Amino acid sequence: MKTLTKCMLAALVATAAVGCDPFEEAVSGPPVVITAGFTDTANAVGFSATASGSAWIVSNVPSTCGLNTPAVPEMSGFIFVKFNKLLDGSQIQTSPVDCTPVGALNLAVTYNGSATPPAGTDWYACYNPQAPSPDEGASVIVFLGDALVPPVGWIDAVSIPTSGDAVTTLQATGTAHDKDGAAVSFDVTANLDPDPGVPGTPTFTGTTATSTTVNWAAAECAVAGTTEYEVERAPDVAGAPGTFAVVTPAPITALTFTDNGLTTGTTYWYRVTASSSGGVSGVPSAAASVTTL
Amino acid sequence: MRKKLLRLLRLVPIAVAFWGVASAQTTGTIIGVVTDAATGKPVAGALVVATSPNLQGEQTAMTDEGGNYRLGQLPAGQYKLVVQLQGYKPAERTDIRLSVDKTLRANITATPEAVQLEEQVVRTGLAPVVNVGSAEAGGVVSREFMSTVPVGRSFQAIAQTVPQAAGDVYGVGFQGGQSPENSYIVDGLNVTDPVYGSAPGTWTGRSAPTLLSNFIEEVDVKTGSFMPEYGRATGGIINVVTKGGSNEFHGSVFANLRPDSLATPDGKIVGRDGEAIAWFSSPGEGTYNLDFGGEIGGPILKDKLWFYAGFAPIITKTYYNRFQRSNVLLGDAGYTTPAECSNTGVIDANRNPDPRCRDSSGFALYNKIPGSDATMHTGQTSYQYVGKLSYLIDSNNTLSVATYGQPSTQTTWAPLYAANDNANVDTAVNSFDVLGKYTGKFLDKHLVVEVDAGVHMQSIEQQPNAYQSTTPLISWNDPSFYYGLTAFESAGSLEAACNANLARCPIRGYLTGGNGFTDTNDVTRYAGRASVAYLFSGAGQHNAKLGIDLERNTLDHTKYYSGGYQFQARGGNFRAVRGYGNFLIPATPTNDPNEIFPTPKVATSSSSNNFSYFLQDSWQVQDTGLTINAGIRLETQKMEETSNPTNTLNVTDSWAPRVQAIWDFTGTGRGKISGNWGRFFWAVPLDMGDRTFGNESQIQFREPFNPCYPQLPQTAATRNNPGGQVYGTFDPTALVGPDGKPACATLTPFNVGFGNFLFNPYGGPTPVQPGLKASSVDMFGGDLEYEVVSDLSVGFVYAGRRQVNIIEDMSPDDGGHFFIGNPGSNTTFTYGGATYSTTDAVMYDSVTGRSINVKFPEAERSYDSFTVKLVKNLSKNWLAQASYTYSVLRGNYAGPFMSDYGGGTGGQGQLDPGITAAFDLPSLLYNTNGYLPGDHPHTIKLFGAYTWNVTPGFNVTGGAGYTGQSGRPNSALGGHDLYGAGLAYIFQQGFAGRTPFTHQVDLRAALSWVFSAPYELRFSIDVFNVLNQQAVLLYDQNYTFDGMQIIQKAGCKGDFVGTSNPVAKLQSTCPDVLYLKTVDGRPIGVNPSWGKPAPTNISYQIPLQLRFGLALAF
């Protein structure tokens, strides 16, 4: 029977060993911002921010001209801030169902330095505890919504107006708390690049044996006298343009450009790109060809 | 005469106490030592003769210099041994019950003629209890057990009585494994379903009965740690030996009736809580389960040629009552305040406060709609037959042929289908087996040769009617809102009861149209085994065995979706969620149906060659009480599909070493300590070759409701408007043009805002990772067993298992491409221009718009258990078996089927061995590591029976059984836009609480009356579930049907499911779930039925059932 007793003891030890819960885990420590960025929902593209001190800056987010009618430069998207752990959602989003105006929360959003949102809209924030990656815990999402019809989520975001020439700055600041009350402040700036739109397809006047004048309609969201254009020329390769090269010595604000020094009886292709005064380029126009006399 | 013999022979009390290593799958072995009673020394040259009613002729053996003898290849049964030697008195013992694939030690002490001994009482009837020769886990279920203890009629039910066995939807699983990981062997032939790996006949939703216990001699259940001659299993081995002939004619006619229509109460009402369609099993309408038949065995030539034959039709019919109901709402008479209404204000799937009133248990209150009862039924008719011929060529050579078969027809029913004839579909399910076996002994019986060859065939043919086969199936299942039942049904007083109020009669998942997936298949397995065993001495006794085990499995499969596609009405579209075809996708998709090239029917022909080779030795170390069993098995598998022979699963390096050590620490056979370790490989069933190596290409597309089908209201506000559109009248054939292409001129983009417009998730053959390793498990354990009093042993057993590798299909880009590999195995390869990695994957974060690099985790499934057991074998008219097991099953891989995919709403998990959705999508692989569905921490099994000999010809037997088991773990599951419901673990798997502990008490009473020898009349009554417990077995685990991502490290854990308001309890304990969003940023819709009994026919324990048995035997 001594054997039996020993075995019973061994059994108890074994039972205790297998009974331990192997799944207890927690993320300790204060919350930390692990990444931030801007998501362009119209194009399903994300732009990551880089940390600059305690702030996060995301640059070169290209706005879009022609997203809506009438065509204005605008941006359909939102700022997101990702944390390493779950947060206290009620600190960010008072209603668990709907996204909440940021004014009611400890968040602030400035739009080109102004705390006033564009007319008829409001800045909203959502808490999202979901994380697709194991090293990311939760996110705060800030977007522009319709002030009259509060959104149920960031799918209902309205477009953020931007400029055809100047960079539009969007800054979201706030403080997030984790479940233990530990706080982390965040500061995300998104620089939305101007999108003057696409210039009209070039047409040609005054073509001689060695020169031609290229003309184009202003880009859809251009700012007259400020938006700059560059003209590119390419040789003809079997009826299609070869490699384009810039022929304007410097960006011009006019809608016409005369190109000299061409070869007689040769076909050339031209296209035009609009850019902001700050040098942010848009999408080139369609190419068109002309043959010298 | 008998008394004299007893006086002459003194048997070692624990003589029959040695169970050795398997020497064959269908026979057993008796070994022992003959010693001189006067000197205690071994006696050489003694002749040991074995006879049995189950043995043709007799088998003899001569003792060697050490007094050892060995009698091999003995059919299971009762044996008599006689020892004859000049100068000694003849010695005999008759109490040996030999079981299949076991080795008994029967040591015999022979008394010299010269010695005079006092008469002494010889302990007879000592059934072997302690298994001192093997560390194999499991047990043998004998005919005595089957005929005295209340158990089901199939060997599946019988196998569940063994410790560490637990039932699952496809059968019985062992030590945390799932039933499709077992090998099912009948008379040495592998009859495991070659397509899905489950028990024969238990295909998805097409369960056919397994062999009736009347035809079974014994069931040997190996729950783990079996020797190398067994393989292709990471679960257990169920080794069934059928009855055979004998020198006398024996037989019976029998009938067993379960007249549920008379005895069984109505089942619990099943249906999604608060929805308008519900049903319950309604046995009173005529449910019954009947088998009747006969069997006979006997000699054709005495001691030379024996036969056995049996035949039994099996007929089952199960009736259900389906009815409509309307909810009681806040504001109804008597429910005017939230308090009266018990309204908790849960937000429903439409993001509106739920106006439904609830009872004290949290279930929605409803009124049954008068006149809505409809009686539906399922049924099955099978004709089971067995036949066996055994021929003894001479005393050293035997030949036998056996056959089994079972043609069946089945009728199935889908409750959420329109209540008309289209809800019933017939299926023909057939199986046929034939097996030949030769055994020969050479070199003075030191060399034993066994050769088996057999064929297993099975087929399935669904037989939909013309409408069912040509009309698309539509599931009206928009995750974001309910439909009103009046949109589908209008009979009787439904319109008045629902009163144009959606909350009165909501319904989701309603089905209209044809049969959906329809198929026909033919399956064949050619199996051959040969082995050579050699017996020799060397520091003890050795039994070395070398063998080959070859199988070729083939599957011819024709499949189609009725009307071409299966649609889901969802989000303003008819989404073709299933259908065969290909896309011609231009650089810029134009949403033109002409880009679709339909495949009306897919025909595949796949095969798998599974070859194995093994070498093993059982060494009884001289004079130590120690036995060492060791061996190794090599398994290879090559699976392919004829249309694409270059892309195959080809594994050739599955080396499976196994070792056991058993020490009889008492030296008298009264106890043992043993330990074992082994690696076990699993052969992937043919479903993988059929679905992924062939030309099966599934496509998905979406046809907008409007303008294509303008009769359907198109706004969310009107789609679900009761009293408006009657979707039940919508003609699904309008969805598909005569050319099989979508009838709508323009399709809609697939994912609004994100992604592509057409989806081809299974396009083309799926590549296989080079250097693929077979799925394997390490099993290890130890036990201590001690015979406390005579015939009664107590054992303590530890058994552990660790998954080594699994084979699964994975997508390295979250749903674009797929390949088959070992998750987490750090291999990269290219195929068809695409790069695949078994470790690195890329997924798309729909919130941030970024691509994220993630890792495929390694598969984990860990099982640890500790069992205390007590076994009392049949002696002194009673037998008993009791066990308690504490176990933990955890990991991220449940096995070949996914119990939870679908969230329990379908009733059965996805059975796609090796290609389940478990590792498909990197974005859903978090939170999967937790308590697996097969985790039942506490299991208690008690069985016992006693026989009263009232008069010499009249016996009464009473038997009882109890099984108590912890409930299974539950999860909160979310949906996926393409995969549907139940694939995303919102938080850690298995952390949402358990289903209740279940108690099952069964009783049996049997009378046996020999009214005129040898004719015996037997009558029995079984009462199953005497307490009529109808505990919940399955909760609805779909917290949301929306496509969503998961919460990392939410720390949600609690007993949420089964409480009066599981959703509210979860939301208050774990507020993060309140903020869950869909992948495109909207708040998710919550399923208010989460944590409540799932709307399936297996959501509750089967109610009380009676079974009457009558047999005339001779």
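A residue is called buried when its relative accessible area is under 20%, exposed when that area is over 50%, and partly exposed in between. The structure shown here is a predicted model.

Q: Why is C357(B) called buried?
A: The relative accessibility of C357(B) is 0%, and since buried means under 20%, C357(B) counts as buried.

Q: What makes C341(B) and C357(B) a disulfide?
A: Two cysteine sulfur atoms count as a disulfide when they are within 2.5 Å, and the sulfur atoms of C341(B) and C357(B) are 1.9 Å apart, so the pair meets the cut-off. In general, a disulfide is a covalent bond between the sulfur atoms of two cysteines.

Q: Why is the disulfide of C341(B) and C357(B) called left-handed?
A: The torsion about the S-S bond of this pair is about -95°, and the disulfide is therefore left-handed.

Q: Which parts of chain B does the pair of C341(B) and C357(B) tie together?
A: C341(B) lies in helix α5 (residues 338-341), whereas C357(B) lies in the loop between α5 and β23 (366-368), so the pair ties together parts that are 16 residues apart in sequence.

Q: Why is the disulfide of C498(B) and C505(B) called left-handed?
A: The torsion about the S-S bond of C498(B) and C505(B) is about -100°, so this disulfide is left-handed; both cysteines are buried, and their sulfur atoms are 1.9 Å apart.

Q: How are the bonded cysteines of chain A paired when they are numbered in sequence order?
A: In chain A the pairing is 1-4, 2-3, while in chain B the bonded cysteines pair as 1-2, 3-4, 5-6, 7-8. A search of the whole structure finds six disulfides over all chains.

Q: What puts the buried residues of helix α10 of chain B on the same side?
A: The buried residues of α10 (residues 1062-1069) of chain B are P1062(B), V1063(B), L1066(B) and Q1067(B). They cover an arc of only 130° around the axis, which puts them on the same side of α10(B). What covers these buried residues includes β63 (1038-1043) of chain B.

Conventions
Residues are numbered from 1 along each chain as its sequence is written. Chains are lettered from A and ligands numbered from 1 in the order in which they are written. This is a predicted model: local features need pLDDT of at least 70, side-chain atom pairs count only at pLDDT 80 or more; totals for chains, interfaces and linings use all residues. Side-chain values use heavy atoms; hydrogens and water are left out. Helices (H or I, at least four residues) and strands (E, at least two) are DSSP runs, numbered from the N terminus. Buried means under 20% relative accessible area, exposed over 50%, partly exposed in between (1.4 Å probe, protein chains only). The arc is that of the directions from the helix axis to the C-beta atoms. Contact means heavy atoms within 4.5 Å.
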